[in-house]
Amino acid sequence: MSAPIRIVVADDHPVVRDGVVGVLRAQGFEVVGQAGDGEQAMALVAELDPDVLVLDLRMPGTGGVEVIERLRTGEARAGVLVLTTFDTDSDVVAAIEAGATGYLLKDAPTPDLVEAVRATAAGETVLSPAVATRLASRLRSPGPTAQLSPREREVLTLVARGTTNRAIAASLFVSEATVKTHLGHIFDKLGVTDRAAAVARAYDRGILG
């Protein structure tokens, strides 16, 4: 028989985390670690080298998207299955762009969670039906993809004031890596390659000022 899939579960709500762990263990998975915040999740992934990290998206301190980005930068082997209550466009796209393998909502039936974990361990993309519908709609309607999220507008406004990445990170209580990620998304959406061009394009389109 093949070895059981090894999992780390990260969620800042102990009751929810215990429930997810109980369901996974009842289905034959090996839960090797539990984390209550993003930093602990990354430490456990580095220490235990699991097959899958089941990750809540919004946690105190280092949030889920930044966890995904940093794990991908560090070339962690684990696939990341986001398990969250949030299905807004900004949450979904940010997680997928950061490198999440799957995105599932917490109200998903147990069989869907089991299948999602197995797919994530195999490196296959898995999305809840609601999330898949949102992404499909977004692809069919290219207009909204060119719009900046509220956080991206915040970042761009600070850039227009000449604020450095480090100062932006301190102002928004995020890491410099997260600021750079936001800037990358802004550049892509505005069709530019640097900060000055982004500000100019934003003024031209009426996004700023």
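Q: Let's start with β1. How many of its five residues are buried?
A: Four of the five are buried, so β1 counts as mostly covered. Keep in mind that this is a predicted model.

Q: In which sense do β1 and β2 pair, and over how many bridges?
A: They pair in the parallel sense, over five bridges. Strand β2 covers residues 30–35.

Q: Which residue in β2 is the bridge partner of R6?
A: That is E30.

Q: And what does the chain cross through from β1 to β2?
A: Helix α1, residues 14–26. This β-α-β crossover is right-handed.

Q: How many bridges join β1 to β3?
A: Four, and these two strands run parallel. V8 stands opposite L53 in β3. V9 stands opposite V54 in β3.

Q: What about β3 and β4: how many bridges?
A: Four bridges join them, and they run parallel.

Q: Which residues of α3 are buried?
A: G64, E66, V67, I68, E69 and L71.

Q: What follows α3?
A: E75 does, and its phi is positive, near 60 degrees.

Q: New topic: helices α9 and α10. At what angle do they pack?
A: About 105 degrees, with their axes 8 Å apart. Helix α9 is residues 165–172 and α10 is residues 176–190.

Q: Why are they called roughly perpendicular?
A: Angles of 65 to 115 degrees count as roughly perpendicular. Their angle is about 105 degrees, so α9 and α10 are roughly perpendicular to each other.

Q: Which residues meet there?
A: From α9, N165, R166, I168 and A169. They meet E176, V179, K180 and L183 in α10. By class, the contact has four nonpolar, one polar and three charged residues.

Q: Back to K180. Is it buried or exposed?
A: Exposed, because its relative accessible area is 52% and the cut-off for exposed is over 50%. K180 is in helix α10.

Q: How far is the C-alpha atom of K180 from that of V155?
A: They are separated by 9.7 Å. Along the chain, K180 and V155 are 25 residues apart.

Methods
Residues are numbered from 1 along each chain as its sequence is written. This is a predicted model: local features need pLDDT of at least 70, side-chain atom pairs count only at pLDDT 80 or more; totals for chains, interfaces and linings use all residues. Side-chain values use heavy atoms; hydrogens and water are left out. Two strands pair if DSSP finds at least two bridges between them. Axes are lines fitted to C-alpha atoms, for helices over the stretch in contact, and angles run from 0 to 180 degrees between N-to-C directions. Angles under 35 degrees count as roughly parallel, over 145 as roughly antiparallel, 65 to 115 as roughly perpendicular and the rest as oblique. Contact means heavy atoms within 4.5 Å. Ala, Val, Leu, Ile, Met, Phe, Trp, Tyr, Cys and Pro count as nonpolar, Asp, Glu, Lys and Arg as charged, and the others, Gly among them, as polar. Buried means under 20% relative accessible area, exposed over 50%, partly exposed in between (1.4 Å probe, protein chains only). A crossover is right-handed if, with the strands pointing away from the viewer, the path from the first strand over the helix to the second runs clockwise.
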